[in-house]
2 protein chains.
Amino acid sequence: MSSKRKVSNPLALAVMALLYERPMHPYEMVSTMRERGKHESVRLRYSSLYSVVDALQREALIEPREVVREGKRPERTVYGITGAGREEFLDWLRELLREPVKEYTQFAAGLSFIAGLPPDEAAELLGERVRLLEGEISEMRSHIDEVAKQFELPRLLLIESEHELILKEAELEWVRGLVREIEDGTLEGMSQWREIHSELEKARAEALDERENP
Amino acid sequence: MSSKRKVSNPLALAVMALLYERPMHPYEMVSTMRERGKHESVRLRYSSLYSVVDALQREALIEPREVVREGKRPERTVYGITGAGREEFLDWLRELLREPVKEYTQFAAGLSFIAGLPPDEAAELLGERVRLLEGEISEMRSHIDEVAKQFELPRLLLIESEHELILKEAELEWVRGLVREIEDGTLEGMSQWREIHSELEKARAEALDERENP
DNA sequence: ATAGATATAGTCGTTTTCGACTAGACGATC
DNA sequence: GATCGTCTAGTCGAAAACGACTATATCTAT
């Protein structure tokens, strides 16, 4: 069912989705995605787009329809989706909605080694994260409201932003709790954590002392 | 503050974290990460590890300490962290804990184009996702309990799994709600969504009809 | 005693991905 | 009419990441 995709960059899914509606040239794909806010959910870089388009064409999932030229602007190739492309798009979409995929986040990497910092500093940094997350969340909220009202987009077309929002909110709540537990010392493992770092500090102080009084 | 890292793969953070404790050779890094479950939060491939180690050495964040050989096994280079490496590790760690980073998930990409499937099918796929998520969550829970009891690891050292768990739970709750709203038709935009697909179906039926009765 | 499985310890070539750069068109502004 | 910034529309080379593959050692069950 979920055999390896020949073109696996999610941007390829977006390209096929757009061409499913109507033929376009690459630059138009970019502007359309931007208009609809899809660049918030699918990483979009020109350099990746052109190579993804090439790869899709190589696999015969899309095909060039015509080459147009306006004035002295560079030529633009208009692409359309093929039958195989439609199938691949739907199959991929089904897989993405159905099967959870393990993702590695930057924050999880940081959390994995949090014990490398002294607890007080960690709590402070996480406290700052709480503030930053609060800001991002309220910005996202007003952004969603704005877009929904201004362009009369139904919730359905902004569903991925809602998903992102609830994940951020869940993280916020969790980090708040974590900070509290570090601050009041109820997190399991706190004593060892403090000990390690106070010993490190003592060692540093002694080393400094020795250098000053040899 | 958050200037571009010379080596940006989170695996490099893990390598520095390990060498912060004591010198090791690459293969030992892998086994240590596996033992501690860090391969669940930091993507770990041999092929990436060796190039990350090379890059770290190039940047003088780590350095070879000795080359040992046991029997006929290939030589193993033992690396240690440098002063610059310690600094880079701490600075990076601080940044990761403090600053939320925008991440692009596969599921968000799928959600972005959910309207490409008919609502009934989408609801069914998401329902299946709910079941799969439930399974993953209960597995994670028992896995955390098991590891914590068997190795007496305090919660602090499993904190990144807890983070992953609460994110999965939040997604589960949200997807459950979404399925309900699609099924009972209360999701805003449902009528257009249904219309588009019933028209597509009609068109398909007509095309088929014409081919059969030319 | 030995076949087969698992653990150890990587290498290699290809494909992806990205960041930096280019370059004309067009409108506004001084 | 020179210049400044922004929009349109990409190209290019380097770096990163991955999957597939290799090869020996050691354990284990028959």
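This is a predicted model: local features need pLDDT of at least 70, side-chain atom pairs count only at pLDDT 80 or more; totals for chains, interfaces and linings use all residues.
View 1. Let us begin with a single chain. The domain assignment divides chain A into domain 1, residues 10-98, and domain 2, residues 106-212. Between the C-alpha centres of domain 1 and domain 2 of chain A there is a distance of 37 Å.

**View 2. Where chain B touches chain A.** Chain A and chain B each bring 59 residues to the contact. On the side of chain B, the elements that give two or more residues are helices H1 (10-21), H4 (83-98), H5 (106-112), H6 (119-151), H7 (159-183) and H8 (190-212). Which of them gives the largest share? That is H7(B), with nine residues. Sorted by class, the residues on this side of chain B are 36 nonpolar, nine polar and 14 charged.

**View 3. How the two copies are related.** Chain B can be laid over chain A by a rotation of 180° with 0.0 Å of shift along the axis, and the RMSD is then 0.1 Å. The two copies are therefore related as by a two-fold rotation axis. Both copies use the same surface, since 100% of the contact residues of chain B recur in chain A.

**View 4. Helix H4 of chain A against helix H6 of chain B.** Here we zoom in on one pair of helices from the two chains. The axes of H4(A), residues 83-98, and H6(B) come within 7 Å and cross at roughly 40°. An angle of this kind makes H4(A) oblique to H6(B). From H4(A), the residues Arg94(A), Leu97(A) and Arg98(A) take part. They meet Ala122(B), Leu125(B), Leu126(B), Glu128(B) and Arg129(B) of H6(B). This contact of H4(A) with H6(B) has four nonpolar and four charged residues, and no polar ones.

**View 5. Helices H1 and H3 within chain A.** Now we return to one chain. The axes of H1(A), residues 10-21, and H3(A) come within 10 Å and cross at roughly 70°. H1(A) and H3(A) are therefore roughly perpendicular to each other. By class, the contact of H1(A) with H3(A) has seven nonpolar residues, one polar residue and no charged ones.

**View 6. His25 in a loop of chain A.** His25(A) sits in the loop between H1 and helix H2 (26-35) of chain A. Is His25(A) exposed, buried or partly exposed? With 18 other C-beta atoms within 10 Å, His25(A) is partly exposed; the count for a buried residue would be 20 or more. Leaving out residues up to four places away in sequence, His25(A) touches Arg76(A), Thr77(A), Val78(A) and Tyr79(A). Val53(A) is 28 residues from His25(A) along the chain, and the C-alpha atoms of these two residues are separated by 9.9 Å.

**View 7. Ala60 in both chains.** Most residues other than glycine have a negative phi. Ala60(A) has a positive phi, near 60°, and is not a glycine. In chain A, Ala60(A) lies in the loop between helix H3 (46-58) and strand E1 (62-68). Ala60(A) is partly exposed, with 13 other C-beta atoms within 10 Å. Turning to chain B, Ala60(B) also has a positive phi, about 60°. Ala60(B) is found in the loop between H3 (46-58) and E1 (62-68) of chain B. Ala60(B) counts as partly exposed, with 13 C-beta neighbours inside 10 Å.

Definitions and conventions
Residues are numbered from 1 along each chain as its sequence is written. Chains are lettered from A and ligands numbered from 1 in the order in which they are written. Domain bounds come from an automatic or database domain assignment. Two residues are in contact if their C-beta atoms, placed from the backbone, lie within 7 Å. Helices (H or I, at least four residues) and strands (E, at least two) are DSSP runs, numbered from the N terminus. Ala, Val, Leu, Ile, Met, Phe, Trp, Tyr, Cys and Pro count as nonpolar, Asp, Glu, Lys and Arg as charged, and the others, Gly among them, as polar. Copies are superposed by least squares on the C-alpha atoms of residues with pLDDT of at least 70 in both. Axes are lines fitted to C-alpha atoms, for helices over the stretch in contact, and angles run from 0 to 180 degrees between N-to-C directions. Angles under 35 degrees count as roughly parallel, over 145 as roughly antiparallel, 65 to 115 as roughly perpendicular and the rest as oblique. A residue is buried if 20 or more other C-beta atoms lie within 10 Å of its own, exposed if 12 or fewer, and partly exposed in between; C-beta atoms are placed from the backbone.
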